[in-house]
Amino acid sequence: MSKKDKPKKILYAVDYKPKRKSPALLDFANHLNRTKPGSKMSITYDDPEYYVMENIVTDEMAKLGMFLKIRTPQSAQDIAPLCGKTVEETEKLLWDLAYVGCCITNTIDGVNKYWTEIWVPGIMEMINNNKELTAKHPEITIAFDAYGKKKGELAPGILPMGVSPMRVIPIESAIKSDTHHASYEEISHYLNQHTIFSVSDCSCRTVREKMGEGCGHLKEDMCIQMGHGAEYYIKTGRARQITREEAFEIIKKAEENGLMHDIPNLDGEGKTHAICNCCGCGCLAIRNAIMYRNPDFSRSNYVSTIDEQKCVACGECVENCPTNALRLGQKICSSTPIPEEKTVKTARDHRWGPEDWNPEYRTNRKVVVKTGTSPCKANCPAHIGVQGYIKLAAQGKYREALELIKLENPFPAVCGHVCPRYCEQGCSRLGLDEAVAVDDIKKFIAEQDLNSEHRYVPKKKRDYHDKKIAIIGGGPAGLSCAYYLAVDNYDVTVFEKENSLGGMLKFGIPSFRLEKKVLDSEIDVLKELGVKFKTGVEVGKDVSLDELRAQGFKAFYLAIGAQKGRRLGIEGEEAKGVITGVDFLKEENLNETKSLSGKVIVIGGGNVAVDVARMAVRAGGEAVSMFCLEKREEMPALPEEIHEAESEGIKIENSWGPKRILAKNGKVSAVEFKKCVSVFDKDGKFSPVYDENDTITVECSFVISSIGQAIDLGSILEGSACEINRNQTVKADPVTYQSAQKDIFVGGDVLTGPKFAIDAIAQGKEGAISIHRFVHPGQSLVFGRNKRDYKPLDRENLELAGFDRLPRQRAEAPSGEEGKKTFRDLRKTLTAEQVKFETERCLKCGAVKVDEYMCIGCGMCTTRCRFDAISLKRVYDAHPSTLKKIKGVVIRNMVKREGKILLNKIFKPSYKQP
């Protein structure tokens, strides 16, 4: 087998075999590559440099292209005598080469001049930015991806810092205060240097999209060309011309949307012809830093540094770091020292191979160090930056605190009233006295907005108003999904079968816990964002999914909740006066009537059962008792909920299960209970055991069963491919929430079974992320996605001896006797003074940790920090080079590296990557 025919395996690249084998085109590929055909480094038919041109460059074009020179402009008049063609024929072939992307053309002194470029950044991008060609020839995008991987294998340790073909330029606001920064490190320097600008789609994200590997960062109008680059892109139809002011606006928009800046780096110090606005999960240049763990290829001269005293572990910088160099960790002291996690083995002084790479970098991002971080952040299903909003509240910055909360939870006022307080259950302060009153602080912050003349409405980040999304169900999951899609300016319509919005927040939670005006006020923000609502419409009955598809809806978020009560399944359940808790709460929430009388028995021991019992007191029950299977300490209801019930005179009877319901003349008269010996088996699964001989009979006028909720799918999914579980929940991917019917996503109780509002709210945001990706072509639902697998620190390993004990602040609460007389919520909110005292109790136990080696100094983290806790520090002084000088620079670096590798072999240090 000849050298030309011998295949070269590129790891992790698509195995593409060209059908056309043209010696003329192969010669042209080697000419562009500046290699001699048949030599060790020469291009073969199986190389991406060949097959990127396989179907777009004819033999005639290739033969003429042999006379082009790299970065040396020539005219048709210059080349025609060399190739034996007329000037007109030569001009046409040169234009054809420029149009497909194999050379650049500019008008210089009134004459069209042509020259070639390096492969990347250059020819590969130019070919991929030809929309007509990439639409017809998928091998073009395959080739660009494969070329990057081919060079990515070779680059670690070879190219010294600062001289790679592409280099990160810091976000300018991150280095303004650094008096040592150079002009070549400023984006404005390049924009002010040129007079002609254009903007095109991002070529890297075009590749990702065409390969079905998009990360949700879209490609449109994101990469800026300048000078000769702009002239070429405009002339060949790859880009539209823009002004300098528009270029600055694009830079600003990119930064707001989590994109950093990368420039072609071989034009000379302080010179470039393009600015790419990149993401770590899509950019093929930044891939060198992450996949091949070779950040020297991309890095600027800066590294992120953390001021731990200011850091509040909100996680915004972590989730936006393109290279995963930032993770949340612990700030508070530990009894046992916590090892630092950082990269120690690098390509600078070691042989580097596949065992050192991170090929799954787009799906294995970590947000937390192995030893964990703030429990409040980790335990919250929505992973709100609790430490952050507590600090802002302490400073009286209530609007800023609300903004931080609403990044993860659009309904802080609602949650301030009904949240189960997962954040407090793991609070580090529990090792000292009581948990910080996180939920009460959040409630106070939210109330400042509710009472404000001008409500906080988030700024829209993007504009996808041409894409229609249907949300089925107006409860917490559906409304949360609608909110986050609306922030991206999607055309969102919520379909709700009831006549008002809120789902179980409105119909399942009593007003004495959550006033309806609070809920409605937070829903009003969605209306201001442009969300449309169609109430009294039952999807599956009044309109089908297929009819909605015909109306242009591109995706559906199914969040209908668990809106039915579960039956007891015992004798006598059909008697008059036996009601499900869900039906009872709905009726009373709508009408607030005295519908009960006499003795009332509530069956169940969860939070909903407590709500039912307390509502029964207000609805006329003269003596209300709760009977549940669980022992007191096993009851699923929160301790504070149980306390409130008992303060209102409700009697709780533990370890009893209903055996049968007795009736007289068709009306309930009593319930016979049997003793529950145990509720769970040895594996902790629900498996109650009864003593059938130990029974009691309790007289009553009404029985309200509150043993759980059921899902009624109706006809919504009729004819769909969705798979349904035995409990009527819909099967969906645990990360993306996509069902078997690809355009249907699922969230809330219909996915998980009955849970809390905050769980549904968190799923709503994740559903919005998936839908955003789904409705755009070529986007993966998982690549570049933060899985948010936060882990709490070990509370048992904290050193708390130096902290003072401080009493928890408590809002004024009504007595049970007061509360049970009204359907209104009489509970007060903390005062501003109490909030200030309470925020001082926070131990500030989390902080960001930086892996300085993996940080490429882009500055994205600084744009996300509200606390001035993260900044860029100039730790390197690597200057750009030029194409002519790079060979010598590389050789010198390789010699130095070999010396370092030899020293490492002699001393044989052992390394363990984090």
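## Where α17 meets α20

In this predicted model, helix α17 (residues 398-406) packs against helix α20 (residues 438-450) with the axes 9 Å apart and an angle of about 110° between them. That angle makes α17 roughly perpendicular to α20, because anything from 65 to 115 degrees counts that way.

On the α17 side, the contact is made by Tyr398, Arg399, Ala401, Leu402 and Ile405, while α20 brings in Lys442, Phe444, Ile445, Ala446, Gln448 and Asp449. Sort those residues by class and you get seven nonpolar, three charged and one polar.

## Asp439, tucked into α20

Helix α20 also holds Asp439. This residue is buried, with a relative accessible area of 1%. So what does Asp439 touch, once neighbours within four places in sequence are left aside? Its contacts are Cys415, Gly416, Cys419, Arg421 and Glu424.

## α26 and what covers it

Now for helix α26, residues 607-618. Its 12 residues reach 17 Å from the first C-alpha to the last, close to the 16 Å expected at 1.5 Å a residue.

α26 is mostly covered, with 11 of its 12 residues buried. Among the buried ones are Val610, Val612, Met615 and Val617, but also Asn607, Asp611, Arg614 and Arg618.

Which elements do the covering? They include the helices α25 (581-591), α27 (639-647) and α30 (816-819), along with the strands β18 (599-603), β19 (623-628) and β24 (702-705).

Technical notes:
Residues numbered from 1 in each chain as written. Predicted model: local features only at pLDDT ≥ 70, side-chain atom pairs only at ≥ 80, totals over all residues. Heavy atoms only, no water. Axes fitted to C-alpha atoms, helices over the stretch in contact; angles between N-to-C directions. Helix = DSSP H or I, 4+ residues; strand = E, 2+ residues; numbered from the N terminus. Parallel < 35°, antiparallel > 145°, perpendicular 65-115°, else oblique. Contact = heavy atoms within 4.5 Å. Nonpolar A, V, L, I, M, F, W, Y, C, P; charged D, E, K, R; others polar. Buried < 20%, exposed > 50% of the residue type's maximum accessible area, 1.4 Å probe, protein only. Expected span 1.5 Å × (residues − 1).
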